[in-house]
Amino acid sequence: AQMAEGVLRDLAGDRFEVMSAGYEPSREICRDAVEVMREVGIDISGQRPKKTGDFLGQRIGYVVTLCDREKERSCPIFAGALWRLIWPLEDPLLADSPDERLAAVRRARDEIRRRVVEFVSEHA
(Lines give C-alpha, C1' and ligand atoms only; values in the text may rest on other atoms or scores of the structure.)
Protein backbone atom coordinates (compact mmCIF):
# COMPACT_ATOMS: atom_id res chain seq x y z
CA ALA A 1 0.00 0.00 0.00
CA GLN A 2 2.80 2.41 0.83
CA MET A 3 4.51 1.73 -2.48
CA ALA A 4 1.25 2.28 -4.40
CA GLU A 5 0.68 5.56 -2.58
CA GLY A 6 4.22 6.66 -3.40
CA VAL A 7 3.96 5.75 -7.08
CA LEU A 8 0.59 7.44 -7.56
CA ARG A 9 1.77 10.58 -5.75
CA ASP A 10 4.84 10.63 -7.97
CA LEU A 11 2.94 10.12 -11.24
CA ALA A 12 -0.29 12.03 -10.60
CA GLY A 13 -0.36 13.49 -7.09
CA ASP A 14 -1.55 16.76 -8.58
CA ARG A 15 -4.67 15.03 -9.98
CA PHE A 16 -5.59 12.71 -7.11
CA GLU A 17 -5.79 12.94 -3.34
CA VAL A 18 -3.77 9.85 -2.48
CA MET A 19 -4.07 7.80 0.70
CA SER A 20 -3.07 4.29 1.62
CA ALA A 21 -4.06 2.01 4.45
CA GLY A 22 -3.90 -1.59 5.54
CA TYR A 23 -6.31 -3.87 7.31
CA GLU A 24 -3.73 -4.72 9.97
CA PRO A 25 -0.87 -2.31 9.27
CA SER A 26 2.51 -2.66 10.89
CA ARG A 27 3.75 0.09 13.17
CA GLU A 28 6.44 1.22 10.76
CA ILE A 29 6.83 1.28 7.01
CA CYS A 30 8.66 -1.72 5.57
CA ARG A 31 12.37 -0.95 5.18
CA ASP A 32 12.57 -3.08 2.05
CA ALA A 33 9.78 -1.03 0.48
CA VAL A 34 11.62 2.20 1.31
CA GLU A 35 14.82 0.80 -0.21
CA VAL A 36 13.30 -0.44 -3.48
CA MET A 37 11.32 2.77 -3.97
CA ARG A 38 14.51 4.81 -3.54
CA GLU A 39 15.98 2.72 -6.35
CA VAL A 40 13.40 4.29 -8.70
CA GLY A 41 13.72 7.79 -7.25
CA ILE A 42 10.65 7.81 -4.98
CA ASP A 43 11.04 8.54 -1.26
CA ILE A 44 8.32 6.96 0.87
CA SER A 45 10.29 7.11 4.12
CA GLY A 46 8.02 9.87 5.48
CA GLN A 47 4.82 7.87 4.98
CA ARG A 48 3.25 6.03 7.89
CA PRO A 49 1.03 2.95 7.91
CA LYS A 50 -2.63 3.73 8.56
CA LYS A 51 -5.64 1.50 9.28
CA THR A 52 -8.37 1.09 6.69
CA GLY A 53 -10.84 1.69 9.50
CA ASP A 54 -9.67 5.30 9.63
CA PHE A 55 -11.22 5.86 6.20
CA LEU A 56 -14.42 3.81 6.45
CA GLY A 57 -17.54 5.88 6.00
CA GLN A 58 -15.75 8.51 3.91
CA ARG A 59 -16.80 9.14 0.34
CA ILE A 60 -13.89 7.95 -1.76
CA GLY A 61 -13.69 8.05 -5.55
CA TYR A 62 -11.41 5.10 -6.17
CA VAL A 63 -10.38 2.29 -3.87
CA VAL A 64 -7.61 0.03 -5.06
CA THR A 65 -7.25 -3.16 -3.07
CA LEU A 66 -3.86 -4.85 -3.28
CA CYS A 67 -4.92 -8.21 -2.00
CA ASP A 68 -6.48 -11.27 -3.54
CA ARG A 69 -10.05 -11.40 -2.26
CA GLU A 70 -10.21 -15.10 -3.19
CA LYS A 71 -7.28 -15.96 -0.91
CA GLU A 72 -7.48 -13.39 1.87
CA ARG A 73 -10.36 -12.84 4.22
CA SER A 74 -9.10 -9.51 5.47
CA CYS A 75 -9.62 -7.46 2.30
CA PRO A 76 -11.65 -4.40 3.34
CA ILE A 77 -14.85 -3.28 1.67
CA PHE A 78 -15.44 0.45 1.28
CA ALA A 79 -19.17 0.92 0.85
CA GLY A 80 -18.77 4.60 -0.06
CA ALA A 81 -16.33 4.03 -2.92
CA LEU A 82 -17.50 5.08 -6.35
CA TRP A 83 -15.04 2.78 -8.11
CA ARG A 84 -13.30 -0.30 -6.73
CA LEU A 85 -10.30 -1.95 -8.35
CA ILE A 86 -8.74 -5.18 -7.12
CA TRP A 87 -5.09 -5.71 -7.96
CA PRO A 88 -4.21 -9.12 -6.54
CA LEU A 89 -0.56 -9.14 -5.52
CA GLU A 90 1.39 -11.78 -3.68
CA ASP A 91 2.62 -10.64 -0.29
CA PRO A 92 6.38 -10.17 -0.77
CA LEU A 93 6.98 -10.36 2.96
CA LEU A 94 6.18 -14.08 2.90
CA ALA A 95 9.46 -14.88 1.12
CA ASP A 96 11.81 -17.31 2.88
CA SER A 97 15.03 -15.31 3.02
CA PRO A 98 15.98 -11.61 3.15
CA ASP A 99 17.34 -11.76 -0.42
CA GLU A 100 14.20 -13.46 -1.73
CA ARG A 101 12.04 -10.94 0.16
CA LEU A 102 13.90 -7.98 -1.36
CA ALA A 103 13.51 -9.48 -4.84
CA ALA A 104 9.80 -10.06 -4.17
CA VAL A 105 9.36 -6.45 -2.98
CA ARG A 106 11.01 -5.27 -6.21
CA ARG A 107 8.62 -7.40 -8.27
CA ALA A 108 5.67 -5.99 -6.32
CA ARG A 109 6.97 -2.43 -6.86
CA ASP A 110 7.28 -3.01 -10.60
CA GLU A 111 3.80 -4.54 -10.85
CA ILE A 112 2.29 -1.71 -8.81
CA ARG A 113 4.02 0.87 -11.02
CA ARG A 114 2.73 -0.85 -14.17
CA ARG A 115 -0.82 -0.85 -12.83
CA VAL A 116 -0.64 2.76 -11.58
CA VAL A 117 0.62 3.96 -14.98
CA GLU A 118 -2.33 2.17 -16.62
CA PHE A 119 -4.77 3.57 -14.04
CA VAL A 120 -3.53 7.15 -14.52
CA SER A 121 -3.74 6.89 -18.31
CA GLU A 122 -7.37 5.71 -18.04
CA HIS A 123 -8.65 7.90 -15.18
CA ALA A 124 -6.66 11.11 -14.95
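**Notes on the predicted model**

1. Starting with Pro-49: leaving out residues up to four places away in sequence, Pro-49 touches Gln-2, Pro-25, Ser-26, Arg-27, Glu-28 and Ile-29 (contact means heavy atoms within 4.5 Å). Pro-49 sits in the loop between helix 2 and strand 1; helices (H or I, at least four residues) and strands (E, at least two) are DSSP runs, numbered from the N terminus. Between Pro-49 and Ala-79 there are 30 residues in sequence and 21 Å in space, C-alpha to C-alpha.

2. Before going on, the ground rules. This is a predicted model, where local features need pLDDT of at least 70 and side-chain atom pairs count only at pLDDT 80 or more, while totals for chains, interfaces and linings use all residues. Residues are numbered from 1 along each chain as its sequence is written, and side-chain values use heavy atoms, with hydrogens and water left out.

3. Which residues does Ile-112 contact, leaving aside its neighbours within four places in sequence? They are Met-3, Ala-4, Val-7, Leu-66, Trp-87 and Leu-89.

4. Why call helix 1 largely enclosed? Eight of its eleven residues are buried, so the rest of the structure largely encloses helix 1 (buried is under 20% relative accessible area, exposed over 50%, partly exposed in between, with a 1.4 Å probe and protein chains only). The buried set runs Gln-2, Met-3, Ala-4, Glu-5, Gly-6, Val-7, Leu-8 and Ala-12. Helix 2 and helix 3 are included in what covers these residues.

5. Ala-12 belongs to helix 1 and is buried at 0% relative accessibility. Ala-12 and Val-117 are 105 residues apart in sequence, yet 9.2 Å apart in space, C-alpha to C-alpha.

6. Helix 2 has its own buried residues: Asp-32, Ala-33, Val-34, Val-36 and Met-37. These pack against helix 1 and helix 3. After helix 2 comes Gly-41, with a positive phi near 80 degrees.

7. On to the aromatics. The structure holds three aromatic pairs (Phe, Tyr and Trp rings, the six-membered one for Trp, with centres within 6.5 Å; planes under 30 degrees apart are stacked, over 60 edge-to-face, the rest tilted). Phe-16 and Phe-119 have ring centres 5.3 Å apart and planes at 40 degrees, so this pair is tilted. Phe-16 is in the loop between helix 1 and helix 2 and Phe-119 is in helix 3, so the pair ties together parts 103 residues apart in sequence. Phe-16 is buried, with a relative accessible area of 16%, and Phe-119 is buried at 6% relative accessibility.

8. The pair of Tyr-62 and Phe-119 is edge-to-face, because the ring centres are 5.0 Å apart and the planes at 90 degrees. Distant parts of the chain are linked here too: Tyr-62 is in strand 1 and Phe-119 in helix 3, 57 residues apart. Tyr-62 counts as partly exposed, at 29% relative accessibility. Ring pairs join Phe-16, Tyr-62 and Phe-119 into a cluster.

9. Last, the largest pocket: about 1,500 Å³ in volume. (A pocket is an open set of points on a 1 Å grid over the protein atoms alone where a 1.4 Å probe fits, with protein on both sides within 12 Å along at least five of seven lines; lining residues have an atom within 4 Å of a point. Points are joined across faces, edges and corners, and the volume is the space filled by probe spheres set on them.) Of its 50 lining residues, Ala-1, Gln-2, Ala-21, Gly-22 and Leu-66 are the closest to the centre. Helix 1, strand 1 (60-65) and helix 3 are the elements that give two or more residues to the lining, and strand 1 has the largest share, six residues. By type, the lining divides into 33 nonpolar, eight polar and nine charged residues (Ala, Val, Leu, Ile, Met, Phe, Trp, Tyr, Cys and Pro count as nonpolar, Asp, Glu, Lys and Arg as charged, the others, Gly among them, as polar).
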